[in-house]
Each structure stands twice: as C-alpha cells, then as structure tokens.
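Please read the points below alongside the model, keeping the sequence open as you go. They begin with charged side chains and then turn to rings and nonpolar parts.

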Amino acid sequence: MASVDQIAPLKAPTPGSLRRDVGLIGLMWASVGSIIGSGWLYGAQKAVVVAGPAAIISWSIGAVAIVLLALVHAELGGLFPVAGGTARYPHYAFGGLAGMSFGWFSWLQAATVAPIEVEAMIGYAGHWSWAQGLLNTNGTLTTSGFIVAVVLMAIFVAVNFLGVKVLAHTNSAATWWKIAVPLGAIFVIAVTNFHPHNFTSHGFAPFGAKGVLSAISTSGIIFALLGFEQAIQLAGESRNPKRDLPRATIGSVVIGAVIYTLLQVVYIGALPLASFAHGWAKLNYAGISGPWAGLATVIGLGWLGWVLYADAIVSPGGTGLIYTTSTSRISYGLSKNGYAPRLFEKTDGRGVPWFGLIISFVTGVICFLPFPSWQELVSFITSASVLMYAGAPLAFGVFRDRLPNHARPYRLPGGNIISPLSFVVASLIIYWAGWETLQRLGWAIVIGYVLLGSYAWYATKKQLPNAPRLDWKAAQWLPVYLIGMGLIAWQGGFGGQGHIPLWWDMAIITVFSVGIYYWARASAVAAAEIEQNIEEVAVVDEGGH
C-alpha cells in the first residue's frame with residue numbers, strides 16, 4: 001500500500017493535476033503576503049480602542065496562539081504535502097463527516113477574505129477625491145463602489161489564471177513591498193515621534209483583562225496574524241514540500257508577529273495626547289478612517305502618509321490575490337475528498353483549477369452586496385478561521401497515535417503537549433469573539449451542512465465514484481463540541497448572558513476542550529483506514545482515478 005511519501009512530485013502538468021513549481025521563498029511569501037494585509041492598516045488602532053496600551057499584551061497572546069497552531073501545521077504539512085491540506089487532515093483522521101465539516105470551515109474563511117481585502121482597499125481609497133463616492137456612510141459599497149470591487153476581484157482571478165508560477169512571482173514582488181512599508185513606517189515614526197508617557201497617562205490596561213482578551217478576537221489581532229496556512233494550501237504545488245513547508249510555515253509566523261508587535265508599540269507611542277484626551281475608547285484624530293496614513297499626516301509626516309495610502313492598495317491587494325488562490329485549492333481538495341462535484345477538480349493547461357476560481361469570484365461578488373463592513377466581519381472571519389485551524393491539533397494527535405512510524409520531515413518537540421494546548425487556545429479564541437459573532441458562525445455552519453450534505457447524499461444515492469464515506473462514529477464528538485461551545489458562549493460574559501463569571505468561563509472552556517480532544521483522539525478511524533484515505537487521495541492527485 002503506497003503512502004503519500006512514496007509518490008514523486010509532478011514534472012509536468014497532466015489532466016486533473018497541479019504543477020509543482022513553487023519553492024521555499026514562494027511558499028513563505030505566500031504566507032507572509034497573506035499575513036501582512038489589511039490587518040496592519042487597521043489592527044493597531046482597533047486593538048488600542050478595545051484594550052488600551054495593554055493591546056501589546058493582546059498581540060503577544062495572539063502571536064503565541066498562532067505559533068502553537070503553526071507548529072502543529074508544520075509537522076502535518078511535511079507529513080502530508082497535499083493541496084488544500086487544512087481541509088484534508090481531519091478527513092484522514094476522522095473520515096467523511098468530520099472532513100466535510102472542517103473542509104467547509106476552511107473554504108468559508110478563505111472565500112470571504114478576498115472580498116474583505118477589496119473593501120479595505122476601497123475604504124482607504126476614500127482619502128482620494130475620485131474615490132469618495134465609493135462607500136455609503138455605513139461603510140457598505142455604493143453602486144460605483146460595487147463596480148470597482150467587482151473589477152478588483154476580476155483582476156485577482158485573472159492573475160490566478162496565468163498559473164501558479166506567475167502567481168508566486170507576482171505575490172513575491174508585492175510581498176517585498178508589503179514588508180518594506182510597515183518596517184519603514186515603524187522606523188521613521190519611532191525616530192521622529194515617540195512618547196513613552198502615552199503608555200501610562202490614561203492607564204496601561206484601562207479595560208482590564210476582558211479588554212485584553214476581547215481585543216485578540218474582535219479587533220483584528222488574530223485576523224491580522226492569519227495566513228500562515230497558505231503555504232500548506234499550496235503543498236501540492238511545492239517543489240520540495242518535505243523540506244520547505246515547515247520552514248515556510250514557521251518563518252512566516254515569526255516575521256508577521258514581530259512586525260505587528262512593533263507596529264502596535266510605535267502606534268501607541270506616536271499618538272498626540274489630544275487624540276485620546278477623553279480615553280482610549282474615544283480615540284480620534286484627523287484621518288483616523290485610515291489610521292496609519294492619518295497619523296502620519298497629523299504628526300507632520302505628510303510624505304509618509306502618501307506612501308501609506310498607496311500601500312493600502314498593495315497590501316490588501318496582495319492578500320486578496322493569494323486568498324483567491326487558496327479558495328480554489330480548498331474547493332479542489334474538497335472535491336478530491338468527495339464533498340463537492342468533480343467539476344472543482346478540472347484544471348486548465350497551466351494546472352489551474354478554473355471552476356474553483358470562478359466560484360471564488362462569484363462568492364466575492366455576493367459579499368460585496370450590502371453586508372457588514374470590514375470592521376464588523378473581522379471577528380466572524382477570525383472565528384471561522386480558528387475553527388478551521390482547530391481540526392489540525394485533533395488530527396495531529398491521531399496521527400501521532402495511529403501512525404507513529406510515518407516519516408516526518410519535521411517532528412514537533414513536545415508535540416503531545418503542544419497539540420492539546422493549541423486546541424484549547426483555539427477554543428478560547430473562538431469564545432472571545434463573543435456570542436453575537438458565534439451566532440452568525442453557527443448559521444454559516446448550518447448552510448455548509450445543507451450544501452455539502454446534500455451533495456454527499458446525492459453522490460451516495462447515485463453511486464458516483466467520489467461518493468464520500470461519512471464516518472459518523474469517528475465524528476461523534478463534533479456536534480457536542482460545536483453545540484457545547486455555543487452554549488458556553490451564550491451563558492458567558494463575552495456578549496452572552498453573563499451567567500458564567502470571568503475566568504470561570506475560560507476554565508470551563510479549557511476543561512471542555514481537553515475532554516473533546518481526547519474523546520476525538522479515541523474515536524478516530526483505525527490506522528488501516530487512514531492509510532487507505534492517504535493512498536486514495538495521493539493516487540488521484542497524481543492523475544489517477
């Protein structure tokens with residue numbers, strides 16, 4: 001029985017296959033390019049309003065949480081270098097029902113990022129006179145704004161149709177700019193305008209522990225740090241996935257965490273005293289709708305403000321570009337696992353899954369309709385993303401238990417401790433997003449079950465070749481986890497009824513998550529079935545049927 005480790009990389013595209021054209025820098029830049037997006041343009045300002053100067057602690061906690069999840073993904077990415085990996089690990093470990101569920105979580109977060117990055121571009125562009133009619137007063141798009149947004153999404157899709165090699169080069173060039181601009185802003189503003197007393201003049205943590213924790217999920221901190229999984233999603237197109245995936249995954253998180261923490265420190269230190277004279281919750285200054293560019297202008301660095309307004313096009317644009325790629329690769333993986341029609345597996349002469357790209361474009365257009373703006377959707381996407389990531393620690397524990405002798409190019413030290421810890425952290429981040437956000441996420445999950453479940457039922461009834469096997473027993477813990485998280489959030493103090501006191505709620509989440517982790521590990525499919533799942537997917541990925 002062949003494993004995925006025994007299958008050689010593709011040398012040329014074949015029908016239904018992806019090209020392996022991406023090296024270490026391309027993989028790392030795919031992740032860094034996703035991490036440094038609209039989050040850096042808004043994150044520091046949103047976080048300080050929620051947590052005060054203690055937002056620095058929020059960024060630190062968020063960075064540790066993402067590093068834990070990235071470490072788990074680094075081992076998994078080397079172990080199973082397949083396209084759309086985050087949608088497949090739970091499938092390998094828990095069978096069809098869990099795989100379908102986490103596949104939907106993965107697609108949901110990826111599909112909504114590109115249109116939100118477009119909205120961020122348009123929002124910052126409001127500084128320019130020609131773009132002031134693109135947004136309504138409530139932050140939604142006007143008719144002309146909708147047309148511009150559709151054109152931008154079409155550009156993302158067009159670049160993707162040129163093939164993964166062109167995409168990697170395009171994103172690499174954009175990422176160099178995206179890293180250089182925030183680093184330059186950090187240096188220039190810190191040298192010219194930095195006031196240490198800003199950190200204590202109105203209290204370091206005016207909103208207490210709850211403000212620090214809320215900022216992690218609701219102000220864009222986790223959202224800003226998301227994106228390391230892009231290297232994992234492109235595993236099926238990596239030239240040397242076993243060597244490059246762990247390096248790209250961990251390296252991208254380190255780069256992003258350092259940049260964002262420095263940005264928060266410099267932002268707080270550079271603010272004029274008058275801007276928070278009435279408290280951090282009422283932070284205000286001229287041009288705050290474009291926080292960094294407005295701040296640069298207020299402190300007398302008008303030239304830097306112009307650079308930052310230009311970067312507000314490049315940074316979100318680069319992130320939207322790579323998430324358009326990711327969406328099509330995740331739907332490709334979902335189809336390979338039998339959760340979506342085989343049409344999503346069709347590739348053109350450049351190895352591009354064209355139907356998945358078309359669907360990502362359509363999804364973006366739907367998101368441009370009068371729905372909530374960038375700021376209001378951040379916590380929703382954060383929750384969906386972290387819920388997607390939560391499948392990796394669960395699968396990690398199963399693979400360590402069921403497949404102890406499989407070759408691991410990168411073996412995570414202390415993995416049996418880090419794995420359940422990262423699952424607990426993921427659950428806490430979801431909880432901190434608040435009850436209102438989790439309500440919306442719950443409805444999105446229901447929609448996913450209706451869509452993917454209907455296809456699975458149809459494929460099974462018609463006995464289609466890719467009809468999935470829904471392993472209900474192996475996923476018995478999943479509905480308990482989803483419903484349990486919702487009930488705790490409903491009764492908790494983060495937007496809920498407030499019946500569970502602060503700290504007690506997090507203790508309950510911790511105990512509940514540990515119980516789910518070991519329940520899931522015990523319920524997973526047998527090693528032989530995991531091997532069968534791996535072999536089936538690997539053979540199909542190489543062009544077999």
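1. Glu436 and Arg440 join their side chains in a salt bridge, with 3.6 Å from N to O; the term stands for a side-chain nitrogen of Lys or Arg within 4 Å of a carboxyl oxygen of Asp or Glu. The two residues are four apart in helix 17 (residues 435–461), so about one helical turn separates them; helices here are DSSP runs of H or I with at least four residues, strands are runs of E with at least two, and both are numbered from the N terminus. Glu436 is exposed, with a relative accessible area of 54%, while Arg440 is partly exposed at 32%. Buried means under 20% relative accessible area, exposed over 50%, and partly exposed in between, using a 1.4 Å probe and protein chains only.

2. Please keep in mind that this is a predicted model, in which local features need pLDDT of at least 70 and side-chain atom pairs count only at pLDDT 80 or more, whereas totals for chains, interfaces and linings use all residues. Residues are numbered from 1 along each chain as its sequence is written, and side-chain values use heavy atoms, with hydrogens and water left out.

3. How many salt bridges are there by this rule? The count comes to three, including one between Glu75 and Arg400, whose closest N and O atoms are 2.9 Å apart. This pair links distant parts of the chain, since Glu75 lies in helix 3 (residues 55–79) and Arg400 in helix 15, 325 residues apart. Glu75 is buried at 2% relative accessibility, and Arg400 is buried at 11%. Asp401 and Arg402 also meet in a salt bridge, at 2.6 Å from N to O, and Asp401 is partly exposed at 39%.

4. Helix 15 also holds Ala392, which is buried at 3% relative accessibility. Leaving aside residues up to four places away in sequence, Ala392 touches Val72, His73 and Leu76, where contact means heavy atoms within 4.5 Å.

5. The whole structure has 18 aromatic pairs; rings of Phe, Tyr and Trp (its six-membered ring) pair if their centres lie within 6.5 Å, and planes under 30 degrees apart count as stacked, over 60 as edge-to-face and the rest as tilted. Trp40 and Trp292 form a tilted pair, 5.9 Å centre to centre with 40° between the planes. Trp40 lies in helix 2 (residues 38–51) and Trp292 in helix 12 (residues 291–298), so the pair ties together parts that are 252 residues apart in sequence. Both Trp40 and Trp292 are buried.

6. Which residues touch the most other members of the largest nonpolar core? They are Trp292 and Phe399, in a core of 150 residues, a nonpolar core being a set of buried Ala, Val, Leu, Ile, Met, Phe, Trp, Tyr and Cys residues joined through side-chain atoms within 4.5 Å. Helix 15 (residues 374–402) gives the most to this core, with 15 residues. Apart from this core lies another of 13 residues, among them Met153, Phe156, Leu321 and Phe368.

7. For the chain as a whole, there are 20 helices and zero strands, and 61% of the 545 residues count as buried. Among contacts with a separation of 6 or more, 84% join residues 24 or more positions apart.
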